[in-house]
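This briefing is intended to be read alongside the sequence and the coordinates. Please have both in view before turning to the points below.

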Amino acid sequence: MTESGPGAAVRLGRLVVPVECPGCGADDVRWCDECEAPWWEPPLRCETGAPRLSALDPPLPVWSIAELDGPVHGVIAAWKDAGRRDLGALLGAAMRRAAAEVAPALASVVAPGAAPVAVVPCPARAAHTRRRGADLPRALAEAAAAGLSDRGFPAAVRAVLVPGRGASRGAGDRGRWRAGAPRASRDAWVSREASAALLVDDVVTTGATLARAADALAGTPIVPVGALVLASAQGPSRGPSVGRG
Ligand SMILES: [Zn+2]
């Protein structure tokens with residue numbers, strides 16, 4: 001049996017590239033309304049649940065849009081590592097809205113007339129960027145910078161962190177911590193004027209990545225004053241946690 005015409009082409013397309021919601025597996029949608037809903041939540045502070053961040057001095061406020069539960073994890077994983085680059089539209093829009101909401105909090109620590117806020121992506125490993133054929137952390141940072149600009153807040157992406165190398169065999173705890181850590185590139189020192197920086201990453205679990213990023217920028221004119229992530233393992237604190245359920 002042979003078929004022809006546009007309908008056949010569509011059916012063939014479905015056969016070759018089945019589309020399903022990466023959050024719940026619903027058929028024939030790029031993502032479903034239910035799995036999109038968490039991305040419309042306002043970003044909330046989440047650093048208190050991340051052990052590596054609570055030790056930072058000065059402390060780094062971290063805002064997270066969603067809790068890293070099954071559907072949220074599914075969407076992020078599909079975007080990063082299953083070739084669902086189309087999800088960048090969903091996640092980029094969420095990051096942009098979230099940055100716009102965070103802007104007033106940053107305004108309280110950035111002097112009027114100061115240099116534009118540096119939006120600094122936590123870099124992916126070079127091998128990951130090569131495999132994906134795209135610099136996804138940078139895409140998130142671009143979206144965040146757009147969100148700050150939406151609120152009239154001058155902001156620019158400054159990709160001043162370069163990925164660290166893997167730990168050498170036999171390295172101690174401190175060595176492993178240092179070995180995987182990003183480094184500040186020469187670009188971090190380009191401007192003599194200090195810039196407040198918003199770090200951007202996809203997820204926070206222990207907070208080690210953000211802590212290392214802040215550590216790497218210590219001593220440069222790029223001064224982290226906050227971080228914004230798509231999702232956090234502990235979930236953002238949505239008001240008092242007592243008296244529920
Ligand atoms: Zn879904």
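Predicted model: local features only at pLDDT ≥ 70, side-chain atom pairs only at ≥ 80, totals over all residues.

Residues are numbered from 1 along each chain as its sequence is written, and side-chain values use heavy atoms, with hydrogens and water left out.

**Zinc site**

- The zinc ion has as its protein donors Cys21 (SG), Cys24 (SG), Cys32 (SG) and Cys35 (SG), at 2.3 to 2.4 Å; donors are N, O and S atoms within 2.8 Å of the metal (3.2 Å for Na, K and Ca), and water is not among the atoms, so sites may look incomplete.
- The donor residues follow the spacing C-x2-C-x7-C-x2-C in sequence.
- The site of the zinc ion is tetrahedral, with angles of 100 to 116° among its four donor atoms; four donors count as tetrahedral if all angles lie between 85 and 135 degrees.
- Ideal angles for four tetrahedral donors are 109.5 degrees.
- Cysteine 21 is buried at 0% relative accessibility, whereas cysteine 24 is partly exposed at 48%; buried means under 20% relative accessible area, exposed over 50%, and partly exposed in between (1.4 Å probe, protein chains only).

**Sheet and its edges**

- Six strands make up an open, mixed sheet in the order β1-β2-β8-β7-β3-β4; strands (E, at least two residues) and helices (H or I, at least four) are DSSP runs numbered from the N terminus, and two strands pair if DSSP finds at least two bridges between them.
- β1 (44-45) and β4 (155-157) are the edge strands, each with a single partner, so one side of each has no neighbour in the sheet.
- β1 pairs with β2 in the antiparallel sense over two bridges, and leucine 44 has serine 64 as its bridge partner in β2.
- β2 (residues 62-67) runs parallel to β8 (residues 222-232), to which five bridges join it.
- Five of the six residues of β2 are buried.

- All five residues of β3 (residues 117-121) are buried, so the strand is largely enclosed by the rest of the structure.
- Val117, Val119 and Pro121 lie on one side of β3, with Ala118 and Val120 on the other, and both faces are covered.
- In a regular strand the side chains alternate between the two faces of the sheet.
- β3 is joined in parallel to β4 by three bridges and to β7 by four.
- Valine 117 has alanine 155 of β4 as its bridge partner, and valine 120 stands opposite leucine 199 in β7.
- Alanine 115, in the loop between α5 (87-107) and β3, is buried at 12% relative accessible area.
- Alanine 115 and alanine 196 are 81 residues apart in sequence, with their C-alpha atoms 7.7 Å apart.

**Largest pocket**

- The largest pocket has a volume of about 700 Å³; on a 1 Å grid over the protein atoms alone, a pocket is an open set of points where a 1.4 Å probe fits, with protein on both sides within 12 Å along at least five of seven lines.
- Among its 32 lining residues (those with an atom within 4 Å of a point), Pro123, Ala124, Arg125, Asp201 and Thr209 are the closest to its centre.
- α9 gives the most to this lining, with five residues.

Methods:
Points joined across faces, edges and corners; volume = space filled by probe spheres on them. Tetrahedral: all angles 85-135°; square planar, octahedral: opposite > 155°, others 65-115°.
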